[in-house]
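This briefing covers a predicted model.

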Amino acid sequence: MDVPTPTSERPRRGAELELRIDSLAYGGAGVARTDGYVVFVRDAIPGDRVRAQVTKSKRSYAEGRAVELLEPSPERIEPRAHHPGAPWQVLPYERQLETKAAQVEDALRRIGRLDDFALEPIEPAVERWRYRNKLEYSFGADERGELVCGFHAPGRFDRIEPLDDCLLASERGNAVREQVLAWCRSEGLTAWDRRTHDGMLRNLVVREGRRTGQLQARLVTSEGPLRAEALAGAVDCDGLLWTRAGALGETTAGGDTRVLAGSAELEEEIGDLRLKISPEAFFQTNTEMAERLYGVAAEYAALRGWERVFDLYCGIGTVGLTLAARAGELWGLEVVEAAVADAIDNARRNDVEHAHFFAGDVRLALRELVDQAGRPDVLVVDPPRAGLSKKIVRRVIEAAPRRIVYVSCNPTTLAPNAAQLTEAGWTLRRVRPVDMFPQTPHIECVALLERAA
């Protein structure tokens with residue numbers, strides 16, 4: 001949305017304001033205005049009257065958090081449970097869908113200045129709760145100093161809020177989290193302090209094969225001793241891993257990973273595919289909705305059996321292999337070598353002989369791929385949240401596919417990318433939002449761009 005020029009003095013950081021929320025911004029913050037000055041308020045929904053504390057003050061807008069709900073919105077509903085990872089659970093689900101679809105349209109029209117495309121009805125989630133196949137928890141300490149395992153409190157890097165039951169995870173996934181926590185407490189292990197960098201326990205990653213029933217737990221710690229065999233005996237899962245990390249920042253990537261029990265890989269099924277997923281490989285965190293998402297991508301690709309398909313940012317090959325049965329040939333490109341190895345193995349497992357996967361930076365390797373394989377008829381791209389850089393867009397333009405299927409997890413970066421492509425001769429035809437993440441403001445969508453013959 002356009003931010004107007006303020007007509008009054010901007011509030012100082014720490015100031016408290018009484019505000020009425022009138023809409024939701026992309027990312028989930030409530031939007032309020034005071035004398036033309038915009039304030040984005042966390043933990044508030046349209047219709048709420050709140051007392052908000054300013055956390056950031058800029059010339060044309062401020063950010064804050066609701067510290068008191070003075071008058072609830074008529075739309076506000078009771079949350080099922082305290083859960084920092086489900087901030088939109090106070091909003092009726094139909095309103096969540098309506099807001100997400102509107103934000104996709106707003107980004108394309110306002111940021112991309114795009115018109116004449118068909119915004120198709122949003123695909124609602126199959127499951128509204130307990131839908132995630134992967135959760136990353138953090139360790140911390142409560143007010144009494146007891147070890148806890150949960151999520152970061154909103155806006156706090158150093159405070160972890162415990163969970164009795166993570167309503168985004170399955171019951172079995174919750175049981176594994178509780179088993180690991182109980183064992184760590186019995187061992188007297190301490191949480192890693194994000195200020196002093198002392199302590200042992202950093203994160204716990206729990207992954208689940210929703211179709212296969214396989215469950216994997218990966219404990220991320222600082223360097224130090226751990227009674228690995230005892231931990232393996234205390235946790236009921238199909239694969240137990242231990243990662244020792246030395247980075248100062250909190251991340252579950254990297255480090256030295258050791259398999260304590262079971263297998264390092266998790267198996268999952270998407271449609272007719274059986275896939276292997278390495279510990280750090282990207283896989284859509286909602287299996288059921290990933291099938292819907294890839295179904296939309298296949299519909300937009302409109303393959304007839306002879307086309308050459310490029311799959312950029314292919315990961316472990318999920319999108320491309322879903323399309324492979326209807327393609328003449330498939331070429332995948334991904335910078336993470338372990339993911340490429342998974343993609344090659346997944347093609348072999350599923351008897352897909354006309355798929356070829358390569359490790360390389362799209363920015364540098366796309367030209368070489370065109371030289372080797374020829375120009376693509378259909379190009380599928382599923383980039384990270386930052387979208388495509390201008391240089392990568394130029395490489396896509398050089399590749400000159402007739403049809404581009406853009407899978408986006410961020411409409412505010414899809415919009416400028418789509419605008420660049422339309423300026424180069426493609427037309428944005430169709431866009432369909434897909435609700436991968438109920439109870440949260442996150443939005444996924446698929447866009448189809450076509451070039452005149």
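**Cavities**

The count of cavities of 30 Å³ or more comes to two in this predicted model. The points below take each cavity in turn and then the sheet.

Largest cavity
- The largest cavity holds about 60 Å³ of space.
- Its lining consists of Arg132, Asn133, Lys134, Leu135, Tyr137, Ala169, Ser170, Gly173, Val206 and Glu208.
- By class, four of these lining residues are nonpolar, three are polar and three are charged.
- Strands β8 (134-141) and β11 (201-208) each contribute at least two residues to this lining, and β8 gives the most, with three residues.

Second largest cavity
- About 40 Å³ of space lies in the second largest cavity.
- Asn133, Lys134, Arg207, Glu208, Leu266, Glu268, Ile277, Phe283 and Thr287 line the second largest cavity.
- Two or more residues of that lining come from each of β11 and β15 (266-270).
- The lining of the second largest cavity has four charged, three nonpolar and two polar residues.

**Open sheet and its helices**

Strands
- Eight strands make up an open sheet with mixed pairing, in the order β7-β22-β23-β21-β20-β17-β18-β19.
- β7 (118-119) and β19 (355-359) are the edge strands, each with a single partner strand, so one side of each has no neighbour in the sheet.
- β17 (residues 308-312) pairs with β20 (residues 378-381) in the parallel sense over four bridges.
- Asp311 stands opposite Val380 in β20.

Helices
- Helix α6 (residues 337-349) lies across β18 (329-334) and β19, at about 170° to β19.
- Helix α7 (residues 362-373) lies across β17, β18 and β19, at about 155° to β18.

Notes:
Residues numbered from 1 in each chain as written. Predicted model: local features only at pLDDT ≥ 70, side-chain atom pairs only at ≥ 80, totals over all residues. Heavy atoms only, no water. Pairing = 2+ DSSP bridges. Contact = heavy atoms within 4.5 Å. Axes fitted to C-alpha atoms, helices over the stretch in contact; angles between N-to-C directions. 1 Å grid on protein atoms, 1.4 Å probe; cavity = no way out; pocket = protein on both sides within 12 Å on 5 of 7 lines; lining within 4 Å. Points joined across faces, edges and corners; volume = space filled by probe spheres on them. Nonpolar A, V, L, I, M, F, W, Y, C, P; charged D, E, K, R; others polar.
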